[in-house]
Amino acid sequence: MEFGIQTRGDWSYVLAAARWAEDRGDLAAIGLPDHYLQRGEEPEKPAWDHLVHLAGLAVETSRIGLASIVSPVTFRHPAVLYKMAVTIDEISGGRFTLGLGAGWLEEEFTKFGLPFPDLKTRMAIYEEAMAYLRAAITPGARGFDGKHFQLDEFDPQPHPIGLRLMGGGVGGPKARRITALYADEYNLYARKPEEYRAVRESTRDLAVQLGRDPEEISWSSAGPGTAARKESDYRRLMEGMAELTGLSVDHIESRWEERGYPHGSGEKPAEMIAALEEAGCQRFYPQMFLSEDDPADFDLVLDALMGR
Amino acid sequence: MTEPHLGGSYDQQLAAARWAEDEGLVSFARCDHYLSGGDPTPDATDAFAVLAGLARDTSDMRLCVLVTPITFRHPAVIAKNAATISQMSGGRLDLGVGTGWMDLEHEALGIPFPDWPERWERFEEALDYLDAAFADGPGRFDGRYYSLDADVGPNPEGLRIVIGGSGVRKTPTLAGKRADEYNFFICPAAEARSKIEVMRHAAGDRLVEATVMGPALVGRTDAEYRGRLETRAAKRGISPDDLEKRYVDGGIPVGNPGRAAETVAALEQAGVERIYVQWLDLDDLDSMKETVTIVRGG
């Protein structure tokens, strides 16, 4: 299993996390989510633009992968996504993966006056945006003629160096289809291994039916980054999680157990990761969002997930 | 002022910005276009992604998007992009906003391009939206096209709003009322004076900087200037004298350093506080350096 991390915060926090991640040497990527509102206890805290952060990180790092995990498709027109993505790709020398999804945090759309149509429409927009982006980043005059988006038949420049498209979503039929058609990577949120395997296999079958080599799609997952070798460290991290969410530790643990999110102390986190890997997951991004986090805690989590 | 939609990688823009910063220039500006006319070939980068990179790759100079069309991005995205770059640069971003005009790039990429009255209305609403988004405390705005109701920051420190356009009445009036900087395309000094008067009248006590953006065609010697004039005229398929007349009529600095200085002095007399020298060819930084240096009186 490869590992990345997913985090967010203001620029100095994101920069420190990225430098730590790159210096660690064994992480494949740092991913940022795309939200315009903070969740949790402090909704009034500023939220930043993750693509702008990723462009800055492209300058400030030199080896680690950079990922958007994932951007709600109704925030930006796919032309803007294409141009930002190829620019970040160019600055980073081909280290960028752009993730898209349908969006779900309704409050951030309504507060900012951003469009938030019903889920069916958002999924249709998501599919068209992925088709548009694939047409735009593939050399040659492809064009795209959709209901929501149109791209003239010309060969847009610049061509990306290593830009990849990541699909989001919870693994429903539409998300599987979009992945099978357009994605280089599918980020399927953590779940029980048998469920992960079922989504993966059905997506791969669909890819074959649609004439695409399923090996072109890599499989990743993200989940809460709360794990440690030592029980006392794990308890401390869980208490931080309880404080952040306003839920009790017992409640959170039973929910994560039920959903299959890798967590815990001792050998358990690494065993859960191994089971996910066995189900076909190739990369895991633990989410570490606590603003109080210091890199020492990031190390605890990753070492536990890696079984070190 | 660079126009990297005509071609120019991030590294080329960075080279221009670093030179400008080392020379002590006030600002590096770039346009926000995705295509050049009907020609999709040049490597058009995204203005905000480039400025985010330059925020980290430069240290002192201001960074300016001149200007972003409100048709490309929802004002929520403009606000978040700008606030984020502002923080990453230590408050060095100047955010230029305009109605958008290049219909071809919108058509080619499928970006909606409403008629001018609607674009103007959206532009005014976007300014209200940005004010509300950047205000201390809860931001509220309820317009026909955009609405905001959020108690969230960020409230970027040091961010300045630039309103640009070539109009003689509406744009300077709006800039006077709303902008930190009013920018228009270079023009004869008398015309500049009257635009700035309109802007100052609308501004009242507000502090608004008056700036122009435009090309210059200059040389160290008359012979060098003449050579450049002939080259450029040949490219455009007109005679050198016709091109020179066009430039002179447009108030564009031409000629040897002495002659260019007169044009610049006249603009300054008319109230222009800053000239962004427009440079198109990022493959030829040597000529850019010489041109900017001469226009600055060096």
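Biologist: Let's start with B:A52: buried or exposed?
Modeller: In this predicted model, B:A52 is buried, because its relative accessible area is 0%.

Biologist: And where does B:A52 lie?
Modeller: B:A52 sits in helix α2 of chain B, which covers residues 47-57.

Biologist: How far apart are B:A52 and B:L63?
Modeller: In sequence, 11 residues separate B:A52 and B:L63, and in space the two are 9.4 Å apart, C-alpha to C-alpha.

Biologist: Let's zoom out to chain B. How many helices and strands are there in chain B?
Modeller: Chain B has 11 helices and 11 strands. Of its 298 residues, 58% are buried.

Biologist: What does the radius of gyration say about chain B?
Modeller: A compact globule with 298 residues would have a radius near 19 Å, and chain B has 19 Å, so the two agree. The C-alpha trace of chain B spans about 60 × 40 × 40 Å along its principal axes.

Biologist: New topic, salt bridges. How many turn up over all chains?
Modeller: Searching the whole structure gives 44 salt bridges. One of them pairs the side chains of A:R134 and A:D184, at 2.9 Å from N to O. That pair links distant parts of the chain, 50 residues apart: A:R134 is in helix α5, while A:D184 is in the loop between α6 and β9 of chain A.

Biologist: Is A:D184 buried or exposed?
Modeller: A:D184 is buried, with a relative accessible area of 15%.

Biologist: What about A:R235, which residue does it form a salt bridge with?
Modeller: A:R235 forms one with A:E231, where the closest N and O atoms are 2.8 Å apart. Both residues are in helix α8 of chain A, and they are separated by about one helical turn because they are 4 residues apart.

Biologist: How accessible are those two?
Modeller: A:R235 counts as partly exposed at 28% relative accessibility, and A:E231 is also partly exposed, at 38%.

Biologist: Which residue forms a salt bridge with A:R235 at 3.2 Å?
Modeller: That is A:E253. This pair is 18 residues apart and links helix α9, where A:E253 lies, with helix α8. A:E253 is buried, with 17% relative accessible area.

Biologist: Which residues are joined into one network by salt bridges that share partners?
Modeller: The network joins B:R62, B:D94, B:R160, B:E181, B:E209 and B:R274.

Biologist: Last one: which residues gather in a patch of negative charge on the surface?
Modeller: A:D152, A:E153, B:D103 and B:E107 do. A:E153 lies in the loop between β7 and β8 of chain A, and A:E153 is exposed, with a relative accessible area of 66%.

Methods:
Residues are numbered from 1 along each chain as its sequence is written. Chains are lettered from A and ligands numbered from 1 in the order in which they are written. This is a predicted model: local features need pLDDT of at least 70, side-chain atom pairs count only at pLDDT 80 or more; totals for chains, interfaces and linings use all residues. Side-chain values use heavy atoms; hydrogens and water are left out. Patches are made of residues with over 30% relative accessible area and no salt bridge: like charges are joined within 9 Å, nonpolar side chains (Val, Leu, Ile, Met, Phe, Trp, Tyr) within 5 Å. Accessible areas come from the Shrake-Rupley method with a 1.4 Å probe; for residues, only the protein chains shown count as cover. A salt bridge is a side-chain nitrogen of Lys or Arg within 4 Å of a carboxyl oxygen of Asp or Glu. Lys and Arg count as positive and Asp and Glu as negative; His and the chain ends are not counted. The place of a charge is taken as NZ of Lys, CZ of Arg, CG of Asp or CD of Glu. Helices (H or I, at least four residues) and strands (E, at least two) are DSSP runs, numbered from the N terminus. Buried means under 20% relative accessible area, exposed over 50%, partly exposed in between (1.4 Å probe, protein chains only). The radius of gyration is taken over C-alpha atoms; the globule rule is 2.2 Å times the number of residues to the power 0.38.
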